[in-house]
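My notes are below the picture.

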Amino acid sequence: MNISTTYSPIETEDKWYSYWLEKGFFHSEPDEREAYTIVIPPPNVTGVLHMGHMLNNTIQDVLVRRARMQGKNACWVPGTDHASIATEAKVVAMLKERGIAKKDLSREEFLKYAWEWKEKYGGIILKQLEKLGASCDWERTRFTMDADLSVAVTDTFIHLYNKGLIYRGIRMVNWDPQGKTAVSDEEVIRKEVNQKLYYIKYPVVGTADFIVIATTRPETIMADSAICVNPLDERYTYLKGKKVIIPLVNREIPVIEDEYVEMEFGTGCLKVTPAHDLNDYELGVKHKLPVIDILNDDGTLNEKAVILVGEDRFIARKKIAKLLDEAGLLEKVEDYKSQVGFSERTDAVIEPRLSLQWFCKMADMAKPALDYVQDGEVKLIPEKFGNTYRHWMENVKDWCISRQLWWGQRIPAWYNTSGEWVVAATEEDAVLAFNKLGQVSENLVQDEDVVDTWFSSWLWPMSVFDPSVCGHPDAKGNADINYYYPTNDLVTAPEILFFWVARMIIAGHEFRGKAPFENVYLTGIVRDKLGRKMSKSLGNSPDPIELINQYGADGVRVGMLLCSPAGNDLMFDVSYCEQGRNFANKIWNAFKLLKGWSENTVTVENADNKVAIAWFESRFDEALVEIESHFASYRLSEALMAIYKLVWDDFCSWYLEMVKPPYQHPADLETVEATTVFFEKILKLLHPFMPFLTEELWHDEIFGAREEMDCCIVAAYPKTAATDEKLLKEFDAIKKVVSEIRNIRNSKQISPKDPLPLAIKLNSEIDYTSYLFILNKLANLSEIVFVDDQPKGGASFMTGRDEFFISLDGNVDPLVEFDRMSKELVYLEGFLNVVNKKLSNERFVQNAKPEIVANEQAKQADAEAKISILRESIKTLQI
């Protein structure tokens, strides 16, 4: 192909993504190869691509593409989550725009609109992932409310119910007044907010006295059942056995005593409102207090409140404060900061509320899931999350799994006209169950609630392959689940470690006897360069699709991963994408250079290039060992940086400069062929990170004719080989010499075109004669001589223990050289002092690994030699 002057990402990306799809490179079927499997954390059908998705899915794609190139049968299963609360809110909003209220619709009518919305908007994010280059097996795309996945949820519910692990009862739950549903503890976001602390006077019955109660929620005083004081609080011993009057509604309630009350908080008196506070509820149960629920499910006051009926709870708060003040019953109001729970999905303030719900017992099921992580069968990356996981699992509470919604998998419970109920998959099964119990089986009604969204997604690693095993621990399973399960890696966010990751482990153990994955790579939060979490409200989150259009998918992928250490927050800046694009352009330009050489070659060997070719071959293998080590520890950012340096520094800045032919001269064929092989290996190494650019270059004619399936996406990933350690070490020295000479040129403002003489005083075993051509070419030297004594004047430097001198015809200031050498001497003496202290420490020498001690001894000998040479050099200066 005729390579263009500049790289055009958009044209390239569309072309190759379509080609990969057409040729079926993403699709996987069980075969004799080793499976490598990832299931996507299914994004909500309400979602569009944001920066967190970009990071998460780029990491997954890198892992999948690398595994595919390693010859594994790579399968990345995509899909979406129905997201009950979020999606129902979207549908309600859509209906509102059409002038339709949910309350005016039947369940069936509403669900028709919900499916309409899902079909129109539910797949947007998956199409956007294609722009990123995600190599998902799109033929396997699943949705958590697919018919067979919904059956899996029903079967799971029935199985756990029959085991006695699911029960129905009245409990205090987190109520979302906007979504009008219960939510689990894990779906409540705690935020510190500025509030008011209201000091309210409660008259004491039969006296002229009153007591003062401090509360942040004056709108709930109508639901008070008692006033509680600490029995050790001498201030209130006179209240024992007395009653007080609730202001405004004039209802009498008793004063009770309990050590639960903190004497130092507020006034030391606590209003007990069992229906609207979890701790108050437990206190109420202990003291057998009545429960008075004054709130409707939308957060407005009901008839039991007596006053302000129908008002929203927050409006009622302000109005009650005013009424109390007018009645002379509000002593004072103070500013106060406290933690308040917000619904993760709707951002509504959570209301603690007693409610009849379905619960799943978690304590017994949590233990095996904890063992998997503690025993290392499931590895959390980074390991620091292990303690968080252990704390959660050791303190797990029963899971409220019912939601008061219509969108979702309906709870398989059926009620007869007598209020009795059974759990069954269908109405027919329910009739049989009632008949077996000798109970009424006519006019059955199914439970109105649906299960929590997480109750379907905790089955995801199994249900995407074989839904029929869910709820059936003895099922053998189909070919897919027996081949792909357990999966290999899960890439997700730490904030769902408990209510998704842990629950998947629980479900996997329950139904397959195995954890669903081996490794859990936990990404950090994407933040802006100021450290703020990216969000729409702050306006600091760029549109990922616009970034891809501007910098190319490869540029954005590289930009994301350059600043994303596992488990730590990513401080994102658009400049990283620019860096990624520049890297793509660097590779493109290097290829153009090589292609230009290939079009004008001679067969005459260039013996001088042989050492450079041998060096880069070893340098590639050395870098590959480092890169593989990073992959093994899931340090993808470090792996990418190692590749980046290999390509930009070693290949482009050093190797190509060493072997390039003189201006307008042909290249020798041997060098071009070797460099072409190197470039092909580099493309393979880069492909998981930069799939589009690498695929485009892979098909250039310089590599010979490619068959239609001979694509970079399935090229054999490079394998490590032995390196020439001596050559690598000597080349490091040569590079340092060249760099030092260039530094001298810059500091003395000497043109790179002016050749300089170099004298070398050898103190090591390095054979510089093997590298004279490279030194001459890269440093532009007029001559290279070896000397036994230091020449007078000129500039000098050291590389290792070898000394180098450049005559500058009197352009060197001895005082400047003395100052430079003196500073270097001070540094080396300080360095040697640190090393000597370490080696004089008997505990260090005895306990450290032998190779570490040997390394310190080598540092010691090297520093001593350099110090000796510097001291002699300083003596020879003519000052």
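**Ground rules.** I am working with a predicted model, where local features need pLDDT of at least 70, side-chain atom pairs count only at pLDDT 80 or more, and totals for chains, interfaces and linings use all residues. Numbering starts from 1 along each chain as its sequence is written, and side-chain values use heavy atoms, with hydrogens and water left out.

**Helix α16, one partner.** I looked up how helix α5 (residues 124-132) sits against helix α16 (residues 544-551): the angle is about 25° and the axes are 10 Å apart. Axes here are lines fitted to C-alpha atoms, for helices over the stretch in contact, with angles from 0 to 180 degrees between N-to-C directions. Helices (H or I, at least four residues) and strands (E, at least two) are DSSP runs, numbered from the N terminus.

I noted the crossing of α5 and α16 as left-handed, meaning that the near helix is turned anticlockwise from the far one by less than a right angle; clockwise would be right-handed. On the α5 side, Gln 128, Lys 131 and Leu 132 make the contact, and on the α16 side Ile 545, Ile 548 and Asn 549 do. Contact means heavy atoms within 4.5 Å. Sorted by class, these residues are three nonpolar, two polar and one charged. For the classes, Ala, Val, Leu, Ile, Met, Phe, Trp, Tyr, Cys and Pro are nonpolar, Asp, Glu, Lys and Arg are charged, and the others, Gly among them, are polar.

**Helix α16, another partner.** I then checked helix α18 (residues 574-598), whose axis comes within 10 Å of that of α16 and crosses at roughly 35°. This crossing of α16 and α18 is right-handed. Here α16 uses Leu 547, Gln 550 and Tyr 551, which meet Val 574, Cys 577, Glu 578 and Arg 581 of α18. The α16 contact with α18 counts four nonpolar, one polar and two charged residues.

I compared the length of α2 (residues 51-69) with expectation: its 19 residues should span 27 Å at 1.5 Å a residue, and its end C-alpha atoms are 27 Å apart, which agrees. The expected span is 1.5 Å times one less than the number of residues. In α2, 18 of the 19 residues are buried, where buried is under 20% relative accessible area, exposed over 50%, and partly exposed in between (1.4 Å probe, protein chains only). Just past α2, Gly 71 has a positive phi of about 90°.

For α3 (residues 84-97), I found buried residues including Ile 85, Val 91, Met 94 and Leu 95. The buried residues of α3 pack against α4 (107-121), β6 (181-183) and β21 (450-451). Just after α3, Gly 99 takes a positive phi of about 80°.

I found a cis peptide bond between Ile 381 and Pro 382, with omega about 0°. Another cis peptide bond joins Tyr 485 and Pro 486.

Val 306 is not a glycine, yet has a positive phi of about 70°; Val 306 is exposed at 60% relative accessible area. Asn 780, also not a glycine, has a positive phi of about 55° and is partly exposed at 22%.
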